[in-house]
Amino acid sequence: MSQETANPLFDTASTGHLPTSKTDLFISFSILALQGFGGVLAVVQRELVEKKRWLTRDEFLEDWAVAQILPGPNVVNLSLMIGDRYFGFAGALAALAGMLAFPLVIVLVLAALMGGVSDSALVQGALRGMGAVAAGLIAATGIKLIGALRGNPLGVPVCWTLAVLSFIAIAFLRWPLVAVLFGMGSLACAWAYRQLGLDRESGDAA
Amino acid sequence: MNMAFTGADWLALLAHFLSLSLLAIGGAITTAPAMHGYLVDEKAWLTDSQFTSSIALAQAAPGPNVLFIALLGWNVGMNAGGGIQAGPQAWWMALAGVGIAMVGILLPSTTLTFAAARWGHRNREMRAVRAFKQGMAPIVIALLVATGWILASSAGNPLEHWRPWLLTAVTTVVVWRTKVHMLWLLGTGAVLGALGVL
């Protein structure tokens, strides 16, 4: 990706691609929500960053950090933030409605139709298979975002240390998410705060 | 399941979801144990299997996993209305349950997110805001990969159950490296699973 720049100040430069209307927001979010079997995040990243380019990878990662740390469903928070960014409160509602409306109808119809079907070995097997794939979708989304850490003021070694420790804490030690977000998170943010200050000083000196 | 469901019960249901909304850091699913304790154990508005299958169904269906809350509300309303055989009245109760559950779980958290994200965007050049976003980046990435790991772990020990793990690993590489549409991959997973290969 040649348009990337090492200067973190310019990482958030907009891509120049925007949703055209609130209807566009609603339809786009509906389409991506309907593709999100076993979680929507992987689809959001691919559709909004790679295809539509409403967000750069860095913007996506920043928004995702906010959506993750605030309470509530992450992808719902994310759709709200993106909708608000482009069309204000109405845009936030349009994106939120897109994210929820059709999937809600589908899940209710399924619930009404197949009370007991989900016990069959066939359906159980299919769900297990989709679960294994969904795990890969999420992991790959994380791996694809690693490139966005270049130019992070934390520096590459610190980024990797924090990432590996957080991974071990969640995946192997099974620490609660909140502990990792706030524990590791406050360390990381404090360090980033310090580094940004140093950058500013050296910037002033130059 | 038959039970008398009063206005006070609807309010209690709403209050329950409202109270959990701001605790749901990392998604509504993190508060599932508290919901189970209240809806199934304490109030007996739901059976254990209704609770578990609501989560499984929402995860299998397209869309955000928070929709399991809608299904919980649906089942509570349906039970309160006398079950699916009771006819239209039960359906209306079920829909009311959906509305109450979703409004309860979403209203506080979306309001907070809306306000916080606006503030953060307006102040995006502020050093503390930039430090937050840049500092959280490596942790958020690690969380995604770890979530994939945990989801894969539900298949069991990787040495014993290597097939689903292999499927997860192959999916990871394919999604990372290619532009293959995700629905093809999910479809492949569903077929392999249904055939009993996994």
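**A guided tour of chains A and B**

Begin with chain A, whose elements follow the order α-α-α-α-α-α-α from the N terminus; helices (H or I, at least four residues) and strands (E, at least two) are DSSP runs, numbered from the N terminus. This is a predicted model, in which local features need pLDDT of at least 70, side-chain atom pairs count only at pLDDT 80 or more, and totals for chains, interfaces and linings use all residues. Residues are numbered from 1 along each chain as its sequence is written, while chains are lettered from A and ligands numbered from 1 in the order in which they are written.

Keep chain A selected: seven helices and zero strands are present. Of its 206 residues, 52% are buried (20 or more other C-beta atoms within 10 Å of the residue's own, with C-beta atoms placed from the backbone).

Next, display both chains. Here 88 residues of chain A are in contact with 83 residues of chain B; contact requires C-beta atoms, placed from the backbone, within 7 Å. On the side of chain A that touches chain B, α5(A) gives the most, with 22 residues.

Now select the largest nonpolar core, which has 124 residues. Such a core is a set of buried Ala, Val, Leu, Ile, Met, Phe, Trp, Tyr and Cys residues joined through C-beta atoms within 7 Å. The helix that gives the most to this core is α4(A), with 15 residues.

Finally, select B:I139, one of the residues with the most contacts inside the core. Leaving aside its neighbours within four places in sequence, B:I139 is in contact with residues of chain A, including A:L162, A:V180, A:M184 and A:A188.

Methods:
Contact = placed C-beta atoms within 7 Å. Buried ≥ 20, exposed ≤ 12 C-beta atoms within 10 Å, placed from the backbone.
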